[in-house]
Amino acid sequence: MIAAAVALGALALALAWPVPVALSRADWPARSPATALVLWQGIALGGGLSMIGALLAFGASPAGSLSGAADALIPVIAAGPILEGFGVVHLAALTLAVGLAVHLALNLATTAVRAERARRRQHRLIDLLASPASASTGARVLAHPVPAAYCVPGLRTATVITDGLVDLLDDDELRAVVGHERAHLDQLHHLVLLAFRAWHAALPWFPIANRAERSVAMLTEMLADDAPRRRVGVEPLRTALLRVGSSGASAAYSDSPTASAASDERVLERRLARLEADLHPLDPRARSATWLLATAIVAVPVCVLAAIAA
């Protein structure tokens, strides 16, 4: 049991600092953002499971198994002496494990509720202020001189552009911008970003949580760029990004994570550099190896915890 706790602790430490730092500084994610996004999700989920699992394994070590520890401790929690073999350190580890799991789950739930409320508020404003979807773009048009575009996900989705954007861009450039926003909706990027926003909200003092959220947001922007690049071409998309970026205005009104990422100057620079470089995707073997690595990162703590519980 102690060996399992040490192994999970070492894995949690690796996934908490050196591995995500190396991934955030690597150049290859720009070549295959979908693969990098899967790896980021594996790191986040595997890291959380490893942290909780290490504490559970250490706290349950005197009983030999998680179920054994629960059977031994639950009857004496309210009253009675602590059983022989259990100390304050073991009880603290078990308490921290349960507390961390509940804390992460509650933050995920509250972040999802706040996001849903914001989406409903956005939809009400769109219904009130925006014109019906145009035949040429399929997007709702908001009467405002600032060039902007954003999407609102949910059971009822909406893509919104402003009069300022329509006046600024030509038809191909406008289709590229609308295609980018629709790609966010089609690929459900808001769900991916929701989990990382919740992780950052739960552990705001944890530097990797912020780094992971920003890296994942950048990857979703790159993924959304790929759809209009295939349909409209690189040049209209690149020109649209330059024009909207040079207008001095934010690229979006929405408070969604994708909107925040789209308006970040550093993200814009990386997106433009990626379009200009015309990078080739990773080799299929490298992509398969990365997917296997992401799966292994999650499977290891799950298997260790299952073995301990059994």
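**Entry 1. Helix α9**

I began with helix α9 and found it mostly covered, with 19 of its 25 residues buried. I take buried to mean under 20% relative accessible area, exposed over 50%, and partly exposed in between, with a 1.4 Å probe and protein chains only. Helices (H or I, at least four residues) and strands (E, at least two) are DSSP runs numbered from the N terminus.

I note that this is a predicted model, in which local features need pLDDT of at least 70 and side-chain atom pairs count only at pLDDT 80 or more, while totals for chains, interfaces and linings use all residues. Residues are numbered from 1 along each chain as its sequence is written, and side-chain values use heavy atoms, with hydrogens and water left out.

I then checked the length of α9, residues 207–231. At 1.5 Å a residue its 25 residues should span 36 Å, and the end C-alpha atoms are 38 Å apart, which agrees. The expected span is 1.5 Å times one less than the number of residues. After α9 comes G233, whose phi is positive, near 115°.

**Entry 2. Residues on α9**

I looked up D226, which has its place in helix α9. D226 counts as buried, because its relative accessibility is 10%. Leaving aside neighbours within four places in sequence, I find D226 in contact (heavy atoms within 4.5 Å) with P33 and R274.

N210 is also found in helix α9. Its relative accessible area is 33%, so I record N210 as partly exposed. The C-alpha atoms of N210 and F196 are separated by 8.6 Å, the two residues being 14 apart along the chain.

From E221 I went to V267, 46 residues apart in sequence, and the C-alpha atoms of the two are 8.1 Å apart in space. V267 lies in helix α12, residues 265–277. At 5% relative accessibility, V267 counts as buried.

**Entry 3. Helices α3 and α8**

I next examined helix α3 (residues 33–59) against helix α8 (residues 189–202). Their axes come within 12 Å and cross at roughly 35°. The axes are lines fitted to C-alpha atoms, for helices over the stretch in contact, and the angles run from 0 to 180 degrees between N-to-C directions.

Which residues make the contact? I list L37, W40, Q41 and A44 of α3, and V192, F196 and W199 of α8. By class, this contact has 6 nonpolar residues, 1 polar and no charged ones. Here Ala, Val, Leu, Ile, Met, Phe, Trp, Tyr, Cys and Pro count as nonpolar, Asp, Glu, Lys and Arg as charged, and the others, Gly among them, as polar.

I also looked at the loop between α7 (171–186) and α8, where L188 is found. L188 has a positive phi of about 55° although it is not a glycine. I record L188 as partly exposed, with a relative accessible area of 43%.

**Entry 4. The sheet**

I traced an open sheet of 4 strands in the order β1-β2-β4-β3, with mixed pairing. Strands β1 (130–131) and β3 (149–152) stand at the edges with a single partner strand each, so one side of each has no neighbour in the sheet. Two strands pair if DSSP finds at least two bridges between them.

Strand β1 pairs with β2 (residues 140–142) in the antiparallel sense over 2 bridges, and A130 stands opposite L142 in β2. Strands β2 and β4 run parallel, joined by 3 bridges, with V141 opposite I161 in β4. Strands β3 and β4 (residues 158–162) pair in the antiparallel sense over 4 bridges, and A149 stands opposite I161.

I find that β3 and β4 form a hairpin with 5 residues between them, and that G154 in the turn has a positive phi of about 130°.

I then checked the faces. In a regular strand the side chains alternate between the two faces of the sheet. A149 and C151 point one way from β3, Y150 and V152 the other way, and all are buried. Both faces of β4 are covered, with A158, V160 and T162 buried on one side and T159 and I161 on the other.

**Entry 5. The chain as a whole**

I count 13 helices and 4 strands in the chain. Buried residues make up 47% of the 310 residues. Among contacts between residues at least 6 apart in sequence, 72% join residues at least 24 apart.
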